[in-house]
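Dear colleague,

I am passing on the structure we spoke about, and I would be glad if you could look through it alongside the notes below.

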Amino acid sequence: MAPASAASPKPMAAGPYVLRPLLHDVPLSAEGNDEDIKINCVDYLDGNLYVGTSASELLHFFRIPPDPNDPNSTDTFILASRLLPAYSDTSGAPNGPKPGVQQILLLPRVGKACILCNWTVTFYSLPELSPVFGTTQVRNCNWIGGVDLNETSDNSGTAVTILLSLNRRIQVVRIGDDARVIRKIDFAGSTLSVRRDSIACVADSRSYALLDVDRQLKIPLMSISSLDDSAPGGQYGQTQNIAGPPENGGHSRSASSATARLAPADFHSHSRSTSLSGLIGNMRGNQRPQGEQEDPVFQQPGTPKSSNTPERKPSPAINDADKPLPPPPRDSAASLASQASAAGGISPARVASPKPQPGLVFLKPHIVSPTPEEFLLVTGTGPLDPGIGMFVNLDGDPTRPTVEFERYPREIAVDGGSPDVTSPGASTLGREEEGYVFASMGKEFDDGVHQGLEIQRFDVNVGEDEAEKFWLEVPSKDDSATPATSTPIGIRSLLASEEMQFEEVVKRLCQRRFSPFNGGTATPAVSTKGADSRTRSSMERLAREKESFDRDLASEEEPLPENWETIRNRENEEFVRVLAKGSSRLAVWTGANIWWAVRNPLLLQLESSLELATSKEQKSSSDSSEQKNQLLSLIKTINNRVPKTELEFMTLGYVKQRASIMLVAYFLSCAESPFSDFETRQMEASLLDGDLDARVVLSLIPALRNEIVMGQKGIWVYGGIKSLVEEYIAAEKDKAVTQTVESLPRHVLDFLRRFLTAWRNKKGFGSISAEIFRTVDASLLLVLLELDKNTPAGKSGEPGSPRKELYELVDHGVDCFDRAVSLLKGYRRLYVLSRLYQQRKLSPYVLKTWRRIIEGEEDRGGELGSDGELQVRRYLSNISNQELVKTYGIWLAKRNPKLGVEVFADDKMKAPKLVPTEVVALLREEAPDAVKYYLEHLVFRKGSTAYINELITYYLDIVINDLQSSPDSRATATASYEAYRALRPPKPTYRQFLTDNAPPDDEAWQSRLRLLQLLGGAHDYDAAAIRQRIDSSLAEFSSEHGVPPPHSKKQNQPQPQPQPKQRLLVPEAIILNGRLHGHEDSLRLLVHHLGDYDSAVSYCLRGGLSLSFTNTTAPSQQPKQPPPSKGTQSHLFHVLLSEFLTIEDVSDRVEQTGALLERFGGWFDVLEVLGMIPDGWAVDVVAQFLVMALRKLVEERHESLVQRALSGAENLRVGYESVVKMGEVGPTVVGGEDEKRGEGRQGEEMQHMEMGEMQEMGDMGGICIFQEIWS
């Protein structure tokens, strides 16, 4: 089926209807000579097919259902009877050939059938067609029908009312146990009638009208031919009473006459006028092209009825033989006979009519009722001119926009659009929302006129554009693909529908097992030909891995029962067959063949559109993008459609998958991307929304086909998808060039990257098998590795880059772990491999892989870079495996001692911490260069004193070896002393000076700083051995760096002691001398060699136990040193004074000596200092010292006086307290009471007197003492 405007005459299946065989090769003649016999009418009820022929025969066929166990079996019809209906030859019958069986009217409610044969009606029983009602006949009948379409067939046995169209009137006949006329309607020459309730739409040879059968009212409608203007003015739309003889002109206005008028209306803002007068006026201008033949569907104008023709009175029963029907007009019999033969057995009205206008032709009327409230009427200007279908309601008002036929139709029928499933004017396929109108006509094509059906929707508002039309032709007998184009086509809506199966839908929607490999095996062996890996050996390894994986997978799954696939196929077919059913009540016939006109399943319509888009004609067109655009447009249409049934849901999914595969195949076939970015995204979204198994898409790409993993049950897809993909795979195998991943274009790789990444987001859905994600992960990894080949080595992954996505892939885990390891090794991407191991928490493999990279094995990504050892160090702190920490910590300590020691020194590591003694022993054995750094950690960070001597030894070795082997180091050491001496006060300590000027990467210098720190701390170490080693090692270099002895001008000045043997490690010598109580040497070196006068003073205050420049970085847990005794301090200050007096620089000598005496004069004896000071010095140098000394003497004298006074006061206080105590105790008297009393009073008086004297004497004594002091 194709659009009606298509130039190709071939029917396409993309339309809404298809033809399915009902009965072919109908035996139209008992003798077999049926060339001149044709089918006039068809009807069907309960498996009984009735066919009326032009040979005046009624054929009865009985249907034998197909075998339910054989899906390929079809219906079979057998001829049950061949009936010759009785008819009467009237004296007014035409002399030409008789039309034969003109109508079959089945009345299942009463089990009767009415047959119109050669204008004679006879009655039979159903289904065997036995005559009923005796020999009752109705002659001179033009039409039988008028069955109420709103009635249902549920009330079995209830009488049915029909209409018989006679020449002069319409008889309303009730068919039950008998046939009885219940009413006669004065409407002459009717040829067609369709009824809803009491309203019948009828037609005569010239016009249409509405009849109220019960009230006998008439509303004239439009003329059949728009060129016919013979009707009296004002008659259209006027309600007329036709119950009796007309009065006052025969017109009577009814209560509903106001609404019976036809006026223009606007329906849904439709621009076409629905006014009948407007429509008819527009059609008048359509002229038939010159040279075309007259179509036999029109009627010749009849002859006016004779005025003296007798009229019979109504009869209550039509089986009364004494009251025959009136004969037809004799003068028009020949003309009517010829028209009936050409119009498929339907005779036009044989009634008297006005004299025809010149050039006017009578068209065959067409009336159908698409809905319970509407009639569809067809008007036109000529048989070769377009026809117009107008919809009117039961009041005669237009209801919807008109439909247009390319030519005036021979026959029309409607299907759908009505909820009334019993209506003969509509069939149901379960989709009542779509209504179609069929028109049988001839159509002009390049090779001539073709007979077919024009199909269009009548229930949509098409707007300004022309309605979409479809053209359907019947296939020829010899070749079903070739339409039969010459014979007119008949169509009728049957009384009953028939259910049928669409095996095409079942074949496409049934799930079938699909295998992309040769032979269709579920576990394919990987071929090295066309492999995607780098070498043949790697592909062989992949084959072994896949075989091993499949064996493991098979062992995990339960064994499948025998013939499981056959059982599943059968179950799928049964399920789809339940859904893929349709029904039809439209019969189409031509020649000796009859078809069902069946609603074309949506699947076949959409699939035909796909095939049309990819046809050879489309592929050979100049615009190669047209195929792509049509496929994308179809996918968009599907996306906008909401499925309403399960079959529609499956259909849309299937078509979307099929269109997506076609797009992908077209996309893959192009060397450059044929799609824009937006179109590519549309294709990707369609693949994902269609729920197509990703493995099916990958099977289209030979380079990735070997990555597909299948379980025991394989891949199950729609049968139509399976066939399509297998066609593409078969076509690809014919190519000589084998595709590899390296040969894939960049746009294909980018598409696969996005598509497979989106598929990974579906992880976690229980309905998706694990094999799919194994395939997706392996394919995505391979694509990303290929895309990342050109990324510069060492470059980090930027957002959106292939490298970044590669990291995210392995970091989130892959289901194809073994295959991923193989691919990463094949591509030499060791760092990415290590990240994959990290995701699986395989610490041994992570460290092993990093070790391979650091030791020089090729890593094409270069991501680990120069900080690989640092990453190893960080990773070791986060694992809990002690053995791994020990192994790789030692390995790291060998390569980078400092970094390796951090592994063992980390307090926050997750692994159990090793004992320091074990670590030291391990490092001494495996990584000796790292021992020092670990000891530093123990001593300086942990405050451990057990390894101080060993650490000092390490430092000494480094410093001494550096000084011995490097003259530059010795020069630098000497220069540092000179530079420090040259600094003017205030200057930092020498320790700070060394720290500030230490080269950052000079290990010897840093070791010396640490050595000074340890030596200056309160640690227990062998100072004598250390000094001995220093002196013995550096003695040979002492002469190079000696200091001249100072000069003194006084003979009694202390002479300097002999100089030490070495002068390269002066601070070390100072500390060691202090430890060994060689304070004079230490102070001499501080004063004369370093010029560090402040440190010298500090040395004296601290008793030589430590120096200030060593305390800043001393271990935090070193023991506290006891303070020195005053005598020691006094001695050291006297030594320091002697050294200050020997400073070579006079100004420094005077300045430092004066400052020492001023600040610490209390430590010196005045006379001793005066004896040491040179005579030539000014008094101002020691003035402050002398003032302080004299003041001290005065203070000492005052202190002694105060002390003596305080002692006297204390004696008095003690005496006073003793007297008070004696008074409290009282005296003891020996003698009489009088004496005792007298002596007692005398004693108290004496005590009070003594206490007063003592207090007075004490006060006077204290006052005298303080007066003496202050004076």
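Predicted model: local features only at pLDDT ≥ 70, side-chain atom pairs only at ≥ 80, totals over all residues.

Residues are numbered from 1 along each chain as its sequence is written, and side-chain values use heavy atoms, with hydrogens and water left out.

I begin with helix H26 and its two partners. Helices (H or I, at least four residues) and strands (E, at least two) are DSSP runs numbered from the N terminus. Helix H25 (residues 931-941) packs on helix H26 (residues 948-965) at an angle of about 135°, the axes lying 10 Å apart; axes are lines fitted to C-alpha atoms, for helices over the stretch in contact, and angles run from 0 to 180 degrees between N-to-C directions. The two helices H25 and H26 are therefore oblique to each other, a term for whatever is not roughly parallel (under 35 degrees), roughly antiparallel (over 145) or roughly perpendicular (65 to 115). In contact here (heavy atoms within 4.5 Å) are, among others, Val-931, Leu-935 and Phe-940 of H25 with Leu-951, Tyr-954 and Ile-958 of H26. The residues of this contact divide into nine nonpolar, no polar and three charged, where Ala, Val, Leu, Ile, Met, Phe, Trp, Tyr, Cys and Pro count as nonpolar, Asp, Glu, Lys and Arg as charged, and the others, Gly among them, as polar.

H26 also packs with helix H29 (residues 1003-1016), at an angle of about 140° and with the axes 9 Å apart, and H26 and H29 are therefore oblique to each other as well. Their contact includes Leu-951, Tyr-955 and Asp-962 of H26, together with Ser-1007, Arg-1008 and Leu-1011 of H29. By class, the contact of H26 with H29 has 11 nonpolar, one polar and four charged residues.

Turning to buried positions (under 20% relative accessible area, with a 1.4 Å probe and protein chains only), those in helix H14 include Gly-719, Ile-721, Leu-724 and Ile-729. Among the elements that cover the buried residues of H14 are helix H10 (646-668) and strand E31 (715-718).

Finally, Ser-843 lies in helix H20 (residues 843-854) and is buried, with a relative accessible area of 13%. Apart from its neighbours within four places in sequence, Ser-843 is in contact with Tyr-875, Ile-879 and Leu-884.

With kind regards

Technical notes
Buried < 20%, exposed > 50% of the residue type's maximum accessible area, 1.4 Å probe, protein only.
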